Amino acid sequence: MAKELTVEDKLKILYELQQVDSKVDELRILAGELPQEVKDMSDEIEGLKTRLSNIETEIKECETQISDHRVRIENANASISRYKEQQDNVRNNREYDNLSKEIEYQQLDIELSQKKIKNYTAELEQRQLSKETTRKDIEDKTVDLQQKKSELDSILSETKEQTEALMVRSADLEKKVDDRLLSAFKRIRKNAHNGLAVVTVERDSCAGCHAKIPAQRQLDIRLRKKIIVCEFCGRILVDPEIATAIAKKRI
């Protein structure tokens, strides 16, 4: 039958667990904002690629419209030539006038198509300029992304082995803590801005929030007969001797 842990044992385990988890936090902070920067840059490049694809689609549409209107002009000119030949063989003024109206209609259609070609050509030039600018942005940002990834990979490579070893140690320590106490530890740690759930008493104060701790409460902490938390920040308090003992283990 496994020996039941004393409060002192629990406090030592919790403090060591805190030190291990804090070290993991430090290693993660070492990477700084690089992981998020890499993600943001990757997302931005994907957005630029989507934009480039849309621009290329718009370019093809402009080219199609220009080609269609050129064909329309050719067809209109062919119709004008045919109508003019027919005018030479009309039998009355009415037929001649009808053909003249058709010629005029085709000429107006040519003018409209020429205007459309001019507009689409200007739009095409603008889209091609945007295409080159976007392509250049993608190339530049891809270079920057590779540099950021290389920097991040280097940091992660340097800390990976140490982080993994600490994570294993953290998991082992968690197994020694009962579920209720471990849950409380994680909750306090999550709510603490610096991730500290277990702190020492320093200069008669909580090392977490620096609130003054009454002498009787400090005595209770040194006796290690029960789990005591700071009345102001809710962190679990341990005496400095526990911290010294755990520090000798060289976490």
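Predicted model: local features only at pLDDT ≥ 70, side-chain atom pairs only at ≥ 80, totals over all residues.

Biologist: Are α2 and α3 roughly parallel or roughly antiparallel to each other?
Modeller: Two packed helices are described by the angle between their axes and the distance between the axes. The axes of α2, residues 34-87, and α3 come within 6 Å and cross at roughly 165 degrees. An angle over 145 degrees counts as roughly antiparallel. Therefore α2 and α3 are roughly antiparallel.

Biologist: How many nonpolar residues does the contact of α2 with α3 have?
Modeller: α2 passes α3 in a left-handed crossing. Sorted by class, their contact has 17 polar and 23 charged residues, and the nonpolar ones number 26.

Biologist: How are α1 and α3 oriented to each other?
Modeller: The axes of α1 and α3 are 9 Å apart, and the packing angle is about 160 degrees. Angles over 145 degrees fall in one class. Therefore α1 and α3 are roughly antiparallel.

Biologist: What is the handedness of the crossing of α1 and α3, and which classes of residue make up the contact?
Modeller: α1 passes α3 in a left-handed crossing. The contact includes Ile 13, Leu 17 and Val 20 of α1, and Ile 155, Leu 166 and Leu 173 of α3. By class, the residues of this contact are ten nonpolar, four polar and six charged.

Biologist: Which residues of α4 meet α1?
Modeller: The crossing of α1 and α4 is right-handed. On the α1 side, the residues in contact include Lys 10, Leu 14 and Asp 25. The contact as a whole divides into five nonpolar, two polar and four charged residues. On the α4 side, the residues are Leu 181, Leu 182, Phe 185 and Arg 189.

Biologist: Which helices each supply at least two residues to the lining of the largest pocket?
Modeller: The largest pocket has a volume of about 160 Å³. Its lining includes Asp 21, Met 167 and Phe 185. The helices that each supply at least two lining residues are α1 (7-30), α3 (93-175) and α4 (179-191).

Biologist: How many charged residues are in the lining of the largest pocket?
Modeller: Among the lining residues are Asp 25, Arg 28, Glu 174 and Lys 186. Asp, Glu, Lys and Arg count as charged. The lining has four nonpolar residues and one polar residue, and the charged ones number seven.

Biologist: How much space lies in the largest cavity?
Modeller: Rolling a probe the size of a water molecule over the atoms shows where empty space is left. The count comes to one cavity of 30 Å³ or more. The largest cavity is lined by Lys 212, Ile 213, Pro 214, Arg 217, Cys 230, Glu 231 and Phe 232. The space in the largest cavity is about 30 Å³.

Technical notes: Residues numbered from 1 in each chain as written. Heavy atoms only, no water. 1 Å grid on protein atoms, 1.4 Å probe; cavity = no way out; pocket = protein on both sides within 12 Å on 5 of 7 lines; lining within 4 Å. Points joined across faces, edges and corners; volume = space filled by probe spheres on them. Helix = DSSP H or I, 4+ residues; strand = E, 2+ residues; numbered from the N terminus. Left-handed = near helix turned anticlockwise from the far one by under 90°. Contact = heavy atoms within 4.5 Å. Axes fitted to C-alpha atoms, helices over the stretch in contact; angles between N-to-C directions. Parallel < 35°, antiparallel > 145°, perpendicular 65-115°, else oblique.
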